[in-house]
Structure formats: structure tokens, C-alpha cells
Amino acid sequence: MLKFQEGFLWGAAASAPQTEGAAAIDGKSPSTWDKWFELEPDKFYDHVGPSDTSNTYRHFREDVALMKAMNLNSYRTSIAWTRLVPDGKTVNPQAVTFYRAYFQEMVDQGIEPIINLFHFDMPWWLMERGGWEARESVDYFAAYARIAFEQFGDIVKKWATFNEPLVHIECGYMGDAHWPKVHNFKRAIQVGYHTLLAHAKAVAAFRELAIPNGEIAIILNLSPVYPKSQQSADLEAAEWADLLYIRSFLDCTVLGRFPEKLVAMLKKSGLAPVTEEGDRELFALNTVDFIGCNYYQPLRVQAPIAPNDPITGPRDLFRGYDWPDKKINPHRGWEIFPQGIYDIAMRLKNSYGTIPWYISENGMGVSQEERFAAQEGQINDTYRIEFVTDHLKELQRAIEAGAPCFGYHMWTFIDCWSWLNAYKNRYGYYRVDLTDDTRTPKASSFWMAQVAKDNGIDSGNGPD
């Protein structure tokens, strides 16, 4: 038996916009996702938008009961900014009632809530004012964060500011997967800067309120970066990818400063963000108490072809590399590389000291998962059990090597709506029926219930 330490957090992760539903009722204002679906429904898989989720807004007590039945002792989700402070100024009492009941239900059932403030759901009213490109977004977010801490800090002790800030930056300002679908690296850099500044101001508000036993974090996708070869050009490409995608966030939030080499390169290239006096001190004084680490697959890179100097975008620094020996998830197309968890853990231990952290997301998406339903309707997801087993073995190896990791959360508990992909890929321990919201346990839910009960896995534990 590979045992984990006492008090280890076994749980799952989700977000408000992907689970709550009730997208246009009880005082909630539209997010960018609500408005984008209204403007371009054809962009969304099967025309399924953000109002068609697993409807946790109505089913949260049932969902928490299912978590308890699975022996989970923690759960991470988010607050919808657009529900709690729909106009940026006024607290919505219906939202307060819902979230207090939801979070208290978790606590009453022995499930620790870890609550995140922003999971890609920018309020539409703020997007119309420039979104994260506008400096005023920083203060609006800090004010919203303070309201959340004040309203729920007596129940919730573990908080996070942002989930995967790289994603809304890269997908919204260097691609078409998030609104506003901008392709402009300089604007993306400014969005990233304001996002991290908003994080720091939220942490400052948290410190001022001094919530008893409170801790605050940021949740980052910390994919390990691997070069194609040990040749100098590939090694340099990997260093730049790590600086831009990983260290820019980790150094800022854990150490309170940005990597000097990255700052120098942005200045040289005319890409540095607009800053104000006092920003540097704000970052330095407001570092996190712990880190959430989301890990799905590694980042493999190689040297760029004919790069511009000064650079105009990431492709002048590195480009992707398709490792021919990779193990692939055939149902999603992503690489499966459990060793990545161990490598992340050693990186955190060696470069960032004793900062506590946990796996805040890890999981396996499967398209058309009904293919694997047994006659009685249960999804026989042995592939997910194998995936989690292999990653937990690497996590335990890292903990034995001194990694201060305190938990593992899978994405996700109940199949949830997933942005433009809607329900194309399913990740949950439970299947959701979109016609009537019925929750049906998959084979992995029974397996994980035993893992959580045992606080460990057999060294050979996996699908029969």
C-alpha cells in the first residue's frame, strides 16, 4: 500500500461557470461566455451554452451528499463574479444566500471548500470597458475579492484568486478559444500584467481582513517544459518557454518579482506592459501561502525557425515539438505523461523551497464516453482509473522525496460544461444526463472512494 500523509486532501475540482447553470436568473449578470453564446451560438459544440450545465445551483445538496458518499474530504470550485457583484458595485443577496448555503453544506459534511475567485468568467460589463487590458479591472477585481472574503470568510478558509491565468491570456489574446479572440502579443502581455496585479491586490485585501486560519493561493497550470534535444538551441527554447509560461507566474506570486531575463527581453522588444509606481512593492509584499498545480500534459518545445529579433511573439522564442514516443489519450488527443507530476514537484522543491502545494487539477477527458457504458448504464472508465493510479504513484514518489504536497483533486466531480467544447469531452467521476440532470456514478467513483477511505493505493492498484 502506498500511503499518503494524514490529512491528505482527496477531492475534485470544478468552476462556477461550468457547473452552476442559472446563468440569467436571481440577479446574475452576463459573463463573456453568456454574451458570446448569444452572439455566436454556432461556435459552441452542439449549440450547448453556459446555461446548460450540471445545474449545481439547484442540485448542490445532492452533489455534496455524493461527495461525502465517495469519502472526499475537499472540493474546489469558484464564485461567479457576475452573480455575487453583478454590476461591479452592488452585492447580490441571492448570491450570498446560495454560496453560504453551498459552502456550509460542504463543511457540515466534512468536505473542506477551496474557493477560487476567477475561472475565465469575465463580467460582460467590464469587458465592454476593456476587460483585463484596462487598468481599472485591477481595482474592480480587488473590490469583488474583498466582498467575497467578507461574505464567506467565516466558512471558507482556503482561497485562490485565479485559475490558470495563462489560459485566458493565451486563448483570448493569442487565439480564438476565449473572448475577445484577439491575436496581439503586446496586448496579451498587458492582460497578463493586469491579471497578476489584480491577484496581488486581492491578496492584499485578504491580508488586511486577517481571516482566522485563512490561506490564499493562485492555481497555475505548471506543465513541465522538455526540450527536443540537448542541443543549445533547443535548450534555449525550453528556457524561454519556461520563463514565459511558468516562471512569469510562479516567480511573481511566490517570490514577489518577475524573472529579470524575461523583463529585459520584453523591454528590448518593445513589449513591456504599462506599469505604475508602487506596483513593484505590491507584488513583493503579497505573495501566496500555497500553490494549486494543474497538470494534464507536458510542454515539449524546440528551437524556432527564422525568429524575429526583436521578437514579435512566442514563436520567435520556441515552437512545439511532437514527441514520437509519447503515450496518447486516444479519446482526447492529449499526451499522457505521469512522470510530469514528479518533475513539477522537484522543480517546486528545488526552486521555490517549502511553499506548500497540491494537485488542483489532473484528469482524463473522453469524447463520446457513452461508448463505454455497461448494460446497466454505468460508465466502465477503467482508463481513468489507470490514468489516476499512474499519476498518484508519481505524486507519492515526489512526496517521499520531500515535496510538500498536501492533496490531489481530479477534474472533475460531475461531468461539466466545458466552454466551446460543451460536453464533447467528459471528465467526471459521475455522469450527468443533460435531459434531466440525473447523476450516475462511473466505475472510477467507486475506486476513488476506496482510495480516499484507505488514504492510499495498492502499489499495483488499478483496473481489474
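The structure holds 48 aromatic pairs, a pair being two rings of Phe, Tyr or Trp (its six-membered ring) with centres within 6.5 Å; planes under 30 degrees apart count as stacked, over 60 as edge-to-face and the rest as tilted. This is a predicted model, where local features need pLDDT of at least 70 and side-chain atom pairs count only at pLDDT 80 or more, while totals for chains, interfaces and linings use all residues. Residues are numbered from 1 along each chain as its sequence is written, and side-chain values use heavy atoms, leaving out hydrogens and water.

Take Phe141 and Tyr144, an edge-to-face pair at 5.8 Å centre to centre, with 70 degrees between the planes. Both sit in helix H7 (residues 136–152), 3 residues apart, or about one turn of the helix; helices here are DSSP runs of H or I, at least four residues, and strands are E runs of at least two, numbered from the N terminus. Phe290 and Tyr358 make a tilted pair, 6.3 Å between centres and 50 degrees between planes. This one links distant parts of the chain, with Phe290 in strand S8 (residues 290–294) and Tyr358 in strand S13 (residues 357–361), 68 residues apart. Phe290 is buried, at a relative accessible area of 2%, and Tyr358 is buried too, at 1% (buried means under 20%, exposed over 50%, partly exposed in between, with a 1.4 Å probe and protein chains only).

Charges turn up over rings as well (NZ of Lys or CZ of Arg within 6 Å of the ring centre and within 35 degrees of the ring normal). Arg300 lies over the face of Phe337, 4.8 Å from the ring centre, and the charged end of Arg397 sits over the ring of Tyr342, 3.6 Å from its centre.
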